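Hi,

Here is the structure I promised to pass on. Have a look at it first, then read my notes below.

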Amino acid sequence: MISIYTVVLVDDSWFIRQWLKQILEQTDRYQVIAESSNGREALPIYKKHHPDIVIMDLIMDDLDGFQTLSLMKRLFPDAKVIMCSSLAQPHIIQRCLDLGAKDFIEKPYFEDLTRKLDKVLID
């Protein structure tokens, strides 16, 4: 039997959320159970659903990805988060990892999305 992992998408772009959802729906392993357009909404969504993984943008209104990741890891230490941004400079990726992200995906290069999710959740 194949496990289905739950995903919450946090990105201010509706287009990016739909794109990621479409990629994930093509697998038999991942199901998007909730979405948020900003970090402030993401925290209560995480608390309510406790997804297996969160895919989160960096640049958002209200709380940005750095702030949200930091709060999420403080409130929910077991949260698994993969950051997703076009800002893929080494120092930004390292800051995300230091704050507790499990990995980083550079927008719009989503070819490795499911492989990275598998690595975090299955391996």
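Start with helix H5: Leu 113, Thr 114, Lys 116, Leu 117, Asp 118, Val 120 and Leu 121 are buried there. Buried means under 20% relative accessible area, while exposed is over 50% and partly exposed is in between (1.4 Å probe, protein chains only). That makes 7 of the 9 residues of H5 (residues 113-121), so the rest of the structure largely encloses this helix.

A quick word on the source: this is a predicted model, where local features need pLDDT of at least 70 and side-chain atom pairs count only at pLDDT 80 or more, while totals for chains, interfaces and linings use all residues. Residues are numbered from 1 along each chain as its sequence is written, and side-chain values use heavy atoms, with hydrogens and water left out.

What do the buried residues of H5 pack against? Their partners are helix H1 (14-25) and the strands S1 (5-10), S2 (30-36), S3 (53-57), S4 (81-85) and S5 (103-106). Helices (H or I, at least four residues) and strands (E, at least two) are DSSP runs, numbered from the N terminus.

Now zoom out. The chain has 5 helices and 5 strands, and from the N terminus they run β-α-β-α-β-α-β-α-β-α. Buried residues account for 50% of its 123 residues. Take the contacts (heavy atoms within 4.5 Å) between residues at least 6 apart in sequence: 64% of them join residues at least 24 apart. As for dimensions, the C-alpha atoms fill a box of roughly 35 × 30 × 30 Å along the principal axes.
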